[in-house]
Amino acid sequence: MGCFFSTSFSKKVKTPGYEDPTVLASETPFKVSEVDALYELYLKLSNSIIQDGLIHKEEFQLALFINENQKNLFADRLFDLFDVKRNGVIEFGEFVRSLGVFHPNAALGDKIALIFAVAFRLYDLRQTGYIEREELKEMVSALLHESDLFLSDEMIESIVDKTFKDADTKDDGRIDEDEWKAFVSQHPSLIKNMTLPYLKDITMAFPSFIARTEVEDTYV
C-alpha cells in the first residue's frame, strides 16, 4: 500500500505540522539537506496507509517492523514518545526532532533521557514515577513472550534480581529517575541500542519500509 512521491511533487506539498527545514536543522544533529531528505521519507510513511500527511501508529509500526498487524509494545511506547503533542499522530517536526535523539552525533544526555522515558513508559505500569520490582518482572515476561523467547520463572527472577541489585542503589525496592540515569550511564550497551548509525545515510533510516515499498530514492 506504499504511496510514491516524486521529489518535485513533494517540494510543493506541505503536510499538516510542516516546519522549516532550516529551523529543524538548527535544533537537531541533521543538516538542512538531511532534513529535506527526511521530509521525502516522511511523505512516504505518512501516506503509506492513511493518506493524510500524518504518521499514524499503524504506519509507524509498518515502517519499523514491516508487519502493521502485529502489536509491539516497544513500537507503541516509541510512538508515544514521537507523538509529543499527544494527538495520536506524528507530525513532521516531531518526526525529525525525535529521530535526532537517535542520531550518532546526538548528545549522550538526550539519549539517556529518552532511554529513561522509554523504560518508564514500558515498566511503570502503575504510573507511580518509579520502576518497581513486580512491574519489571511483568514487563520482562511480556517482552520475552512477544519475542517468542520463553525463560523459566527462575531465570526471569534472576534477571530482575540482577537489575535491582545494580540499579536500586537506595535499596528501597524501586528505581527512581536518578538511579536509572546512573544505571544507564554505567552500561554503555544500553546507549548503543539507542543509536542508529545509518541515520547518517537518510535513505536507510527505515530500511524495512523502504525495502518493502521498493522505492528508489532520488534525493541521495
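Where is G17 found? I started my notes with that one. G17 sits in the loop between α1 (7–12) and α2 (21–27). One caution before I go on: this is a predicted model.

**Entry 1**

I looked up how open G17 is. Its relative accessibility is 27%, so G17 counts as partly exposed. The cut-offs behind that are under 20% for buried and over 50% for exposed.

Next I checked which residues G17 touches. With residues up to four places away in sequence left out, G17 touches E91, F92 and G93. I also took a C-alpha distance: G17 and I90 are separated by 8.8 Å, although they are 73 residues apart along the chain.

**Entry 2: the whole chain**

I stepped back for an overview. The chain has twelve helices and two strands. Read from the N terminus, the elements go α-α-α-α-α-α-α-β-α-α-β-α-α-α.

How much of the chain do buried residues make up? They come to 47% of the 220 residues. I then looked at contacts with a separation of 6 or more, and 58% of them are between residues 24 or more positions apart.

**Entry 3: helix α6**

F92 had turned up beside G17, and I went on to helix α6, which covers residues 92–102. Is α6 largely enclosed or open? Ten of its eleven residues are buried, so α6 is largely enclosed by the rest of the structure. I wrote down the buried ones: F92, G93, E94, F95, V96, S98, L99, G100, V101 and F102.

**Entry 4: α3 against α6**

Which helix packs with α6 at an angle of about 120°? I found helix α3 (residues 32–46), with the two axes 10 Å apart. Angles of 65 to 115 degrees would count as roughly perpendicular and those over 145 as roughly antiparallel; α3 and α6 are therefore oblique to each other. Their crossing is right-handed.

I listed the residues that make this contact. From α3 they are V35, L38, Y39, L41, Y42 and L45. From α6 they are F92, F95, V96 and L99. Sorted by class, the contact has ten nonpolar residues, no polar ones and no charged ones.

**Entry 5: the rings**

Are Y39 and Y42 buried or exposed? Y39 has 7% relative accessibility, so Y39 counts as buried. Y42 is buried too, with a relative accessible area of 0%.

Y39 has another ring partner in F92. Their centres are 4.8 Å apart and their planes are at 70°, so this pair is edge-to-face. The pair links distant parts of the chain, with Y39 in helix α3 and F92 in helix α6, 53 residues apart. Like Y39, F92 is buried.

**Entry 6: two residues with positive phi**

I went looking at backbone angles. Most residues other than glycine have a negative phi. R86 has a positive phi of about 55°, and R86 is not a glycine. I found R86 in the loop between α5 (73–82) and α6. It is partly exposed, with a relative accessible area of 48%.

D171 also has a positive phi of about 55° without being a glycine. Its place is the loop between α9 and β2 (174–175). How open is D171? With a relative accessible area of 68%, D171 is exposed.

**Entry 7: T163 in α9**

T163 is in helix α9, which runs over residues 153–167. Its relative accessibility is 17%, so T163 counts as buried.

Which residues is T163 in contact with, leaving aside its neighbours within four places in sequence? I noted L136, D168, I175 and F183.

Notes. Residues are numbered from 1 along each chain as its sequence is written. This is a predicted model: local features need pLDDT of at least 70, side-chain atom pairs count only at pLDDT 80 or more; totals for chains, interfaces and linings use all residues. Side-chain values use heavy atoms; hydrogens and water are left out. Axes are lines fitted to C-alpha atoms, for helices over the stretch in contact, and angles run from 0 to 180 degrees between N-to-C directions. Helices (H or I, at least four residues) and strands (E, at least two) are DSSP runs, numbered from the N terminus. Angles under 35 degrees count as roughly parallel, over 145 as roughly antiparallel, 65 to 115 as roughly perpendicular and the rest as oblique. A crossing is left-handed if the near helix is turned anticlockwise from the far one by less than a right angle, and right-handed if clockwise. Contact means heavy atoms within 4.5 Å. Ala, Val, Leu, Ile, Met, Phe, Trp, Tyr, Cys and Pro count as nonpolar, Asp, Glu, Lys and Arg as charged, and the others, Gly among them, as polar. Buried means under 20% relative accessible area, exposed over 50%, partly exposed in between (1.4 Å probe, protein chains only). Rings of Phe, Tyr and Trp (its six-membered ring) pair if their centres lie within 6.5 Å; planes under 30 degrees apart count as stacked, over 60 as edge-to-face and the rest as tilted.
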